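Please look at the sequence and the structure below before reading on.

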Amino acid sequence: MDRFLMHVLVCTALVVSMIVLSSAQTCSKYAFAGNKMFSSCTDLPYLNSSLHWTYDSSTNTAQIAYRHTAVDTSKWVAWAINPNSTGMVGAQALVAYKQSDGTMKAYTSPISGYQTQLQEGDLSFNVSHLSATYAGNEIIIFATIVPPDNGAVNQVWQEGPLSGGSPSAHTTTGANVKSMGTLNFASGQTGTSGGGNNETGKGNVSDSNTCSNYAFSGNKVFSSCTSLPYLNSFLHWTYDSSTNKVQIAYRHTSVDTSKWVAWAINPTSTGMVGAQALVAYQQSDGTMKAYTSPISGYQTQLQEGALSFNVSDLSATYASNEIIIFATIIPPSNGVVNQAGSSGGGNSKIRKRNTHGVLNAVSWGTLMPIGAIIARYLKVSKAADPAWFYLHVACQSSAYIVGVAGWATGLKLGSESPGITYTAHRTIGIVLFCLGTLQVFALLLRPKKDHKYRFYWNIYHHFMGYMVIVLSIVNIFKGFDILDPEKKWKDAYIGVIVALGCVAVVLEAFTWQVVLKRRRSQGGSKMPPGMNGSNGYNHNGYGARPHQEA
């Protein structure tokens, strides 16, 4: 028994070790020591880094803080501006690392080649107030700089090992060759350079700033703009901090008259649910319809409704495959908002949610109960032995494989939807994965039919199996509440569950009838000695002939 329990504990530990839960803090929520504050920040896409800054356009001066996390004292970090290209060569770097005596070294280094040792030297632009700190496996470089090109720059950031107390060459694979991009200190707009070594000038910077070159009809002018990273969209705005009013123009290009477009603010999270949307499309009579729509679910039809903040002067235009939504809004949180843009040409995240729902409804919610019905009722027939056992294993194995795919899809959706958490649904899903995986390991550890521990294994196996089925059905209905699909899909699944329940009831009655009839034919309800198998541990209730046990 001790050995068997040890196997179970080992299997449990293996399952638990597969569940790694992590959380990340975005740059906007970071609190600097000494109450330092910066007006803008961006989470850089590689090497666990972020950049914070405050830009004074009148003097073209930027106060910056470059944060590099998950780094120990054996490494150096650097952030750089490249005035001439998007690559490493020519970059003007701020470098920092912790010295052997525990103090921090921060200095400037112009990079002239790929094999640089990051030697100290003056940069091509002014740098002052340069310092660095190290705490909690995080290095922060502080500086005041005068960036070239009025704040529109190519940036590079990096980490590498120390050798003999001095920086040595960094790795030339993976994230280390992708850590470059574009930044506009004035607008806050950022972009990536694709990890290549483009030495043809600042093309990437100018391309990413196309919104600033756009001329609106009627001589409309906006003080700021940003090129949104997806769906060929741009946002232009003028913000009046004294009234907290924003005049906005949301431009969505490469769109025809068969589509709608929308731009939204989400006051409570970063996802779609809860977003307060401005929607526009061209109607069949050629006129434009622009209206507001509060979004309460993923399957929204964008019904008209009032938003949680004031909107006025709402209108829209369509010309040259471009829809523009104009409005004046009073955003929540003093102008710091989560935004979302979309169009009616399809939503990959909704497809992922639907895929997640279908995989789990078919596997955990349908195949698992069918496998249990096969194990409980087919083995009453001597002709079905041992075929029922292999059918049971095949059905449950298929359910587990498909179910794991659905579970993994759920994890992916969760990682892509920061700020949106369905705690109960997520927790039950993780528990189901653990229990299902334990059932797989239990099959590998199944004692032989005449083993003295087989009786206890059967109890464990049946209990865990029924628990998985109950939790699966509960969680699928929670998923329906989250997805909020058309009523027919929920009704269809209810029909499947009811049908399986009816089949189970009928087969349960038939099984007991067969069992009782066999007992009577064998001389009474009490079975003769020896009918239960070795030491009474192989009792199956269906006569003396041994059967496979699930």
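## Pairing of β3 and β8

Strand β3 (residues 61-68) is joined to strand β8 (residues 138-145) by seven bridges, and the two strands run antiparallel. Within this pairing, Ile64 has Ala143 of β8 as its bridge partner. The model is a predicted one.

In general, the strands of a sheet are held in pairs by backbone hydrogen bonds, in either a parallel or an antiparallel arrangement.

## The sheet that contains β3 and β8

Strands β3 and β8 belong to an open sheet of five strands, in which the order is β1-β2-β3-β8-β7 and the pairing is antiparallel. At the edges of this sheet are β1 (40-43) and β7 (127-135), each of which pairs on one side only. From one strand to the next, the twist averages 15 degrees.

## Pairing of β15 and β20

Which residue of β20 stands opposite Ala249? The strands concerned are β15 (residues 245-252) and β20 (residues 322-329), which pair in the antiparallel sense over seven bridges. The residue opposite Ala249 is Phe326 in β20.

Terms used
Residues numbered from 1 in each chain as written. Predicted model: local features only at pLDDT ≥ 70, side-chain atom pairs only at ≥ 80, totals over all residues. Heavy atoms only, no water. Pairing = 2+ DSSP bridges. Helix = DSSP H or I, 4+ residues; strand = E, 2+ residues; numbered from the N terminus. Axes fitted to C-alpha atoms, helices over the stretch in contact; angles between N-to-C directions.
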